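Q: I'm new to this one. Can you walk me through a few spots?
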Amino acid sequence: MSDTQTLIENRPPSVAALFLERVAATPDAEAYRYPVPASGEGPDDWKSLSWAQAAERVFAIAAGLIELGVQPEQRVALASSTRVEWILADLGILCAGAATTTVYPQTNAEESAFILSDSASKVLIAEDAAQLAKAREKRAELPELTRVVVIDPEGVETDDWVLTLTELEARGTAYLEKHPELIKERVGAITADQLATLIYTSGTTGRPKGVRLPHDNWSYMAKAIAATGLVGADDVQYLWLPLAHVFGKVLTSGQIEVGHVTAVDGRVDKIIENLPVVQPTYMAAVPRIFEKVYNGVAAKARAGGGAKYKIFQWASEVSREYAKASQDNFRRTGSASVPFALGAKHKVADALVFAKIREAFGGNLRACVSGSAALAPDIGYFFAGAGIHILEGYGLTESSAASFVNPGEAYRTGTVGKPLPGTEVRIADDGEILLRGPGIMEGYHGLPEKTAEVLEADGWFHTGDIGELSPDGYLRITDRKKDLIKTSGGKYISPAEAEGQFKAVCPYVSNILVHGADRNFCTALIALDEPSILDWAKDNGLGGKSYAEVVAAPATVALVEGYVKELNAGLQRWQTIKKFRLLPRDLDVEHGEITPSLKLKRPVVEREYKHLIDEMYAGTREA
């Protein structure tokens, strides 16, 4: 048996057990870094917790929940943005033997109430007064919810139903004095198949489904992530992803096993400011973040005048050529060397453009992991050539997030890499990706029929994604099974492919939806990135106008039309975008058009903008 197999097969039953091991092994090492917002205009002050200090708070939270009457496997809901208290609370819930129900802070009162009710959550840990207000509004519908614990007490009135996290920790500390072996006993009693986490998928239609993830899923993930060798004890991770989402959550498990530092701050508007402060060596993100950086760099170069933009365009081509050549050579020979002339061009481009991009990421970034949606290969190659190595990965809520990841130096842009040790994959006859292994969910909460639709008796899980495996085991995702478009002419089209290519071509795009199912040609709804397009507007006679006025202007339509033509030049005839419409505002989470992990909800967008789609097909004969 290999060392990797031994590591994975001899895993403890829970991440709670791993946490106890980590605290015992490196009590004084730094575990978490978190910002304390400055009063006034100054920069935030960052503070640290060692593993021992984190454990003190985690055990107090666990004991506080036990003192409130929380039993093993009972659900404790967590509705908060990404912050260090989210991680401490989640670990407290797990160390009490209970299970965490994750709730996105953006979820409205009605859907929050559905999740709390469906999960039968006994306690809710709410971030602030706004999250508490949603629970108060629906209290009559939540008879099982006995207590609400509030992290940030500002503006919160406590009563016999509401207490603060500080109060919970104080109660827990007092309870531990009387029962010093309590946590060890609770963690020791956890079994691998016991429920650890209930994550509700933000479905594009209907009610969300609760995905049941037992303790063993996270213990396996922790060991498998460590076994990939992608992260080491000396790494500094910058964690901003929503922890209510499985992608963010799995990163907390890997960190406990490896023992590296994690800097936690979920404020997306602070990413650019935080990167030079945190100087991470490793960061996970969704494609939208890389698209935003790429578009920002391109727009800045364009704003700098014709010469600057020409240099940027030249450097972009060099970076892509360099990345493709080095990856191809590594695949063939195991060396990432490139021809001398290309290397010389790359050196010049690096001095002019790439070094500044690496500096913006903090200067120490060894690798980024991208997941949740497909990254346009052209954007991936651009960053690879610029020295920002983006390792695409793949997984679903139902597979505990990390089923595939690109292997370090041997990564291949445009693929999601190889399966994690211990995970099996096969491609069904219709191209669907099937997965089996210790990361797969137990099933959907209270929905045996829905579970049976995707989970076979022998453990194979139907992902709903279409893909292909290379002879040496790299997976390429080609589309969502249900998102493939069949035109009225009988041609199958992958909208994600054209959408990804457009994001690499047009520096002003924020979101794009390609439509064409049962139609005789394809169309697109395009939302532009507000800061980028307003900057362009200033220099093109549209300064001072609102976003809606700018996107309605003929000059803006003509600008985007040029990029659509550029896209079409690289597509098959039946894939080309014949017409498009610019949306009067960007798509957002609040309107339910994108998920909190920034994935497009196609049915919602198509329903919302049906009038624009109908307008594009008006007067055409449909087969």
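Predicted model: local features only at pLDDT ≥ 70, side-chain atom pairs only at ≥ 80, totals over all residues.

Q: Okay, Tyr32 then. Buried or exposed?
A: Tyr32 is buried, because its relative accessibility is 0% and the cut-off is under 20%.

Q: Which strand is Tyr32 in?
A: Tyr32 lies in strand β1, which covers residues 30-36.

Q: What is Tyr32 in contact with, leaving aside neighbours within four places in sequence?
A: Quite a list. It includes Lys47, Ser48, Leu49, Trp51 and Ala54. Val84, Ile87 and Leu91 are also among the contacts of Tyr32.

Q: How many residues apart along the chain are Tyr32 and Val264?
A: They are 232 residues apart along the chain. Their C-alpha atoms are separated by 7.1 Å.

Q: Switching to Thr252. Where is that?
A: Thr252 is in helix α10, residues 246-258.

Q: Buried or exposed?
A: Thr252 counts as buried, at 6% relative accessibility.

Q: What does the side chain of Thr252 have a polar atom 2.6 Å from?
A: The backbone oxygen of Lys249.

Q: And which contacts does Thr252 make, leaving aside neighbours within four places?
A: Ile87, Leu239 and Leu243.

Q: Fine. What are those values for α2 and α3?
A: Helix α2 is residues 15-25 and helix α3 is residues 51-67. They pack at an angle of about 140°, with axes 9 Å apart.

Q: Why is that pair called oblique?
A: Over 145 degrees counts as roughly antiparallel, and 65 to 115 as roughly perpendicular.

Q: Is the crossing left-handed or right-handed?
A: α2 passes α3 in a left-handed crossing.

Q: Which residues meet there?
A: From α2, Phe19, Leu20, Arg22 and Val23. From α3, Trp51, Ala52, Ala54, Ala55, Val58 and Phe59. By class, the contact of α2 with α3 has nine nonpolar residues, no polar ones and one charged.

Q: Now α12 and α15. What angle do they cross at?
A: Roughly 70°, and the axes come within 11 Å. That makes α12 roughly perpendicular to α15. Helix α12 covers residues 287-303, and helix α15 covers 377-385.

Q: Left-handed or right-handed?
A: α12 passes α15 in a left-handed crossing.

Q: And which residues meet?
A: Phe290, Glu291, Val293 and Tyr294 in α12 meet Ile379, Phe382 and Phe383 in α15. That contact divides into six nonpolar, no polar and one charged.

Q: What about Glu73?
A: Glu73 is not a glycine, yet its phi is positive, about 70°. Glu73 is found in the loop between α3 and β3. It is partly exposed, with a relative accessible area of 31%.

Q: And what is the phi of Ala120?
A: It is positive, about 55°, and Ala120 is not a glycine. Ala120 is in the loop between α5 (109-118) and β5 (123-126). With a relative accessible area of 22%, Ala120 is partly exposed.

How values were computed:
Residues numbered from 1 in each chain as written. Heavy atoms only, no water. Helix = DSSP H or I, 4+ residues; strand = E, 2+ residues; numbered from the N terminus. Buried < 20%, exposed > 50% of the residue type's maximum accessible area, 1.4 Å probe, protein only. Polar contact = N/O pair within 3.5 Å; in protein donor to acceptor, adjacent residues only side chain to side chain. Contact = heavy atoms within 4.5 Å. Axes fitted to C-alpha atoms, helices over the stretch in contact; angles between N-to-C directions. Left-handed = near helix turned anticlockwise from the far one by under 90°. Nonpolar A, V, L, I, M, F, W, Y, C, P; charged D, E, K, R; others polar. Parallel < 35°, antiparallel > 145°, perpendicular 65-115°, else oblique.
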